[in-house]
Amino acid sequence: MAYQVGDVVAEADEEGYLQDISLWSEELAQAIAKSENVELSPEHWEVINFLRSYYAEYQIAPAVRILLKEMKKSFGPEKGDQKYLYSLFPYGPAKQACKIAGLPKPTGCI
Amino acid sequence: MAEGIKKKLLYVNRKAPYGTIYALEGLEVVLVGAAFEQDVSVAFLDDGVFQLLDGQDTADIGVKNFSRAYKALGDFEVRKVYVERESLAERGLDSADLMQITYEDENDDGAEKPLVRLIDRRELAHIMSEQDVILSF
């Protein structure tokens, strides 16, 4: 499969993860989200931006515990919550949010 | 995993980071395994000490530089990381050549503390003898 934004065609694997993560852009994130039936709100972007900055620093996706802790620290206790993250990304904060954020498929379970 | 089954697990890294897939696979297994709340230790010896070298640059060999992921070990609740002193010395290295890897100590208001401990060969042998499982990469 592939996503298209303007002239850019970004190939993805059969689960929808980008083959070339350097192609990621905010517009591409919108396209990925659309194919996941997720409408991106500012709250989604808080998670996506954190995932991207963590990946830029460590070259891996954060552990869910770290995601929860950082969300709590930056945006308040009600957002550092597993249920809240699932309400944003029903197919899992790691798997689905990483896909939209243009990160490689996480090796963990959620 | 059932409650109460907690094993002492040691991951042993003996190979240079690039050229074979062992180092990257070993790191991924540690990070994935961290979710299972076992008593995890990670050791670097022989050429494995090169995995922790500071300032790695893989641009010219066309593979991903994954070295910064070691800095996330603390985030994944790994608290016992050992480097064998003799292996460093035999390669003309010392602790100043290694990356600074820290963890946040929850018992000390999240203070950043060094994660890597330099130990000698005899102490590492003792640690190995105490494990339930040793996985070698």
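Which loop of chain B holds Asp109(B)? Asp109(B) lies in the loop between β4 (102-105) and β5 (111-114) of chain B. The model is a predicted one, in which local features need pLDDT of at least 70, side-chain atom pairs count only at pLDDT 80 or more, and totals for chains, interfaces and linings use all residues. Residues are numbered from 1 along each chain as its sequence is written, while chains are lettered from A and ligands numbered from 1 in the order in which they are written.

Asp109(B) has a positive phi near 60°, although the residue is not a glycine. Most residues other than glycine have a negative phi. Asp109(B) is exposed, because 7 other C-beta atoms lie within 10 Å. Here a residue is buried if 20 or more other C-beta atoms lie within 10 Å of its own, exposed if 12 or fewer, and partly exposed in between, with C-beta atoms placed from the backbone. A positive phi also occurs at Asp46(B), at about 50°. Asp46(B) sits in the loop between β2 and β3 of chain B. Asp46(B) has 16 C-beta neighbours inside 10 Å and so counts as partly exposed.

Chain B contains three helices and seven strands. Helices (H or I, at least four residues) and strands (E, at least two) are DSSP runs, numbered from the N terminus. The order in chain B, from the N terminus on, is β-α-β-β-α-β-β-β-α-β. The radius of gyration of chain B is 15 Å, close to the 14 Å of the globule rule for 137 residues, so chain B is as compact as a globular protein of that length. This radius is taken over C-alpha atoms, and the rule is 2.2 Å times the number of residues to the power 0.38. The C-alpha trace of chain B spans about 45 × 30 × 30 Å along its principal axes. Of its 137 residues, 28% are buried. Among contacts in chain B with a separation of 6 or more, 77% join residues 24 or more positions apart. A contact requires C-beta atoms, placed from the backbone, within 7 Å.

Chain A has five helices and two strands. Its elements run β-β-α-α-α-α-α from the N terminus on. Its radius of gyration is 13 Å, which agrees with the value near 13 Å for a compact globule of 110 residues. The C-alpha trace of chain A spans about 40 × 25 × 20 Å along its principal axes. Buried residues make up 29% of chain A. Residues 24 or more positions apart supply 46% of its contacts with a separation of 6 or more.

Chain A divides into domain 1 (2-35) and domain 2 (42-101). These bounds come from an automatic or database domain assignment. The domain centres, taken over C-alpha atoms, are 19 Å apart. Five residues of domain 1 of chain A are in contact with four of domain 2 of chain A. The domain 1 side has four nonpolar residues, one polar and no charged. Ala, Val, Leu, Ile, Met, Phe, Trp, Tyr, Cys and Pro count as nonpolar, Asp, Glu, Lys and Arg as charged, and the others, Gly among them, as polar.

Between the chains, eleven residues of chain B are in contact with ten residues of chain A. The chain B side has seven nonpolar residues, no polar and four charged.

Conventions
Contact = placed C-beta atoms within 7 Å.
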